[in-house]
Amino acid sequence: MSDAPFLTINGRRFDLTGVDPQLSLLRWLKTQRLHGTKEGCADGDCGACTVALLHRDQDGTSSYQAVNSCLLPMGMLAGRSLLTVEGLAKGDQLHPAQQAMVDCAGSQCGYCTPGFVMSLFAGCYSDAADALADSAIAGNLCRCTGYAPIRRAAQQLRRQSCAGDAFAQRLAVYSGDGECADLPGFHRPRSVDEALARKQAEPEACWIAGATDLGVDLSHGRKRAGGYICLDRIAKLQQLSIEPQRVLIGAGVSLSRLERELAGVFPALDQMLPWFAARQVRNQATLGGNLGSASPIGDLLPVLLALDASVHLRGPEGAREVAISRYFLDYRWTARAADELIVAVELPRREGLINASLKVAKRQTDDISIVAAAFALALAADGSIAHVRLAYGGVAATPQRALAVESLLIGRHLDIDSVEVAAAALHSAFAPIDDHRASAAYRSGLAADLFRQFAATVVP
Ligand SMILES: Cc1cc2nc3c(=O)[nH]c(=O)nc-3n(C[C@H](O)[C@H](O)[C@H](O)COP(=O)(O)OP(=O)(O)OC[C@H]3O[C@@H](n4cnc5c(N)ncnc54)[C@H](O)[C@@H]3O)c2cc1C
Ligand code: FES
Ligand code: FES
């Protein structure tokens, strides 16, 4: 193992000794005169700071992952490799992603261009079905060119292949992160036991997974904790097993991986994930982090409530499982003790379960919810409702189920009358707050309307 912490950028190794571990990658790049990566918002919202992180899955597949460098603290990057926009062209020979932007006039002032290029670059080497679709660039904002030429650049790229070029070859031989020392205050354990022992030794240290929540604070210089225990190298947290009776999702599985590897298993998850932030955030964000933040508008939390998830925790006292219905106690307060780690989330697979989710936000993509809802329903042989879950985010201090309305529906047939009875009850089931995103009245109305919308897909 090399002692000094290092980071490899565009094939060149940088010594990280003495680097502030809480500094964002974006800010640190500036200190290295790598000015191509731009800062727009420093919040993960604009994509101007996109870089491509080399990533190796447990099954040995390597990929370039577009990520927001403003959200990544340097402490998480020891031993890793990435590409910035400076690393794409070979002399005068532009990379196809750059050439497509030139050919299609995809750049005016150019400020957003490196970010778009890096998202398109990562898409070129991905075999995901939507690799170069609009969703690849939904996390990149442009204020002056307009999106039509940029979308044309993505289409041009879709028609050509980068297979076998130097970047594809680099991916093919990429063997994973280099081993080196941690930066001070950022510990990177390899196992759950090691992580728990570190937490015992440093109770003030905070778990950090994808850093898409914590990274916003760090990016703005707001220190949350004395130290950080990074969870991204723990193999157990990366497990994802689809079994006949259940699905087990490691807390550290990224949302992009969930989109890809769980596609078709739970419609409610399939429907929510594309509206969760944008690709750069979904490449880093984890399910454990969404539960760890326990925001009342955490988008996956109503889905977990609707699907009767259970949360697998490990702490100094051992392992335990908490049903999701008992997990959220109050505003951002959960049944998890501070020294417990979320190891996995279990989702039972119930035959004949109809499930769906819906999200309403001010902007269609890359925006935080006003209200998100997830519904699950199973019918008895006579067509009456045998099982129902109506779960919401954005209507209370915690994600919540409308338990009284669920009871009202049990045993009834899901006809127009039942839908209207339930919708009327849902209208007054919660006491949401007014805030800058929406009024309480609007949120209450959405609770009812989203159920109507779901029911319309079920009731003939
Ligand atoms: C631009 C942007 C857009 C976003 N859009 C959305 C959105 O549409 N919907 C949405 O719900 N959220 C959104 N978020 C919030 C964020 O992406 C999610 O909450 C995400 O799931 C956090 O995961 P993470 O791995 O990055 O968590 P981190 O930032 O690493 O951690 C978040 C919290 O969880 C704790 N934690 C992490 N892992 C564990 C674990 N295994 N056990 C115990 N505690 C743990 C950490 O200590 C921390 O308190 C957005 C964030 C950004 C920056
Ligand atoms: S600077 Fe806007 S996403 Fe990073
Ligand atoms: S080209 Fe000016 S912001 Fe996009």
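A residue counts as near a molecule if its C-beta atom, placed from the backbone, lies within 6 Å of it. With that in hand, let's look at ligand 1: 30 residues surround ligand 1, and the closest are Gly 44, Gly 210, Gly 288, Gly 289 and Gly 292.

A quick word on the source: this is a predicted model, where local features need pLDDT of at least 70, side-chain atom pairs count only at pLDDT 80 or more, and totals for chains, interfaces and linings use all residues. Residues are numbered from 1 along each chain as its sequence is written, while chains are lettered from A and ligands numbered from 1 in the order in which they are written.

Helices (H or I, at least four residues) and strands (E, at least two) are DSSP runs, numbered from the N terminus.

| Element | Residues |
|---|---|
| Strand S7 | 206-208 |
| Helix H8 | 214-219 |
| Helix H11 | 279-284 |
| Helix H12 | 287-293 |
| Strand S15 | 341-348 |

H12 gives the most, with five residues.

S15 also belongs to an open sheet of five strands, ordered S9-S10-S15-S11-S12 with antiparallel pairing. Two strands pair if DSSP finds at least two bridges between them. At the edges sit S9 (240-242) and S12 (318-323), each pairing on one side only. Strands of a sheet pair through backbone hydrogen bonds, either parallel or antiparallel. Here, S10 (residues 246-250) and S15 pair in the antiparallel sense over five bridges. Zooming in, Val 247 has Leu 347 in S15 as its bridge partner.
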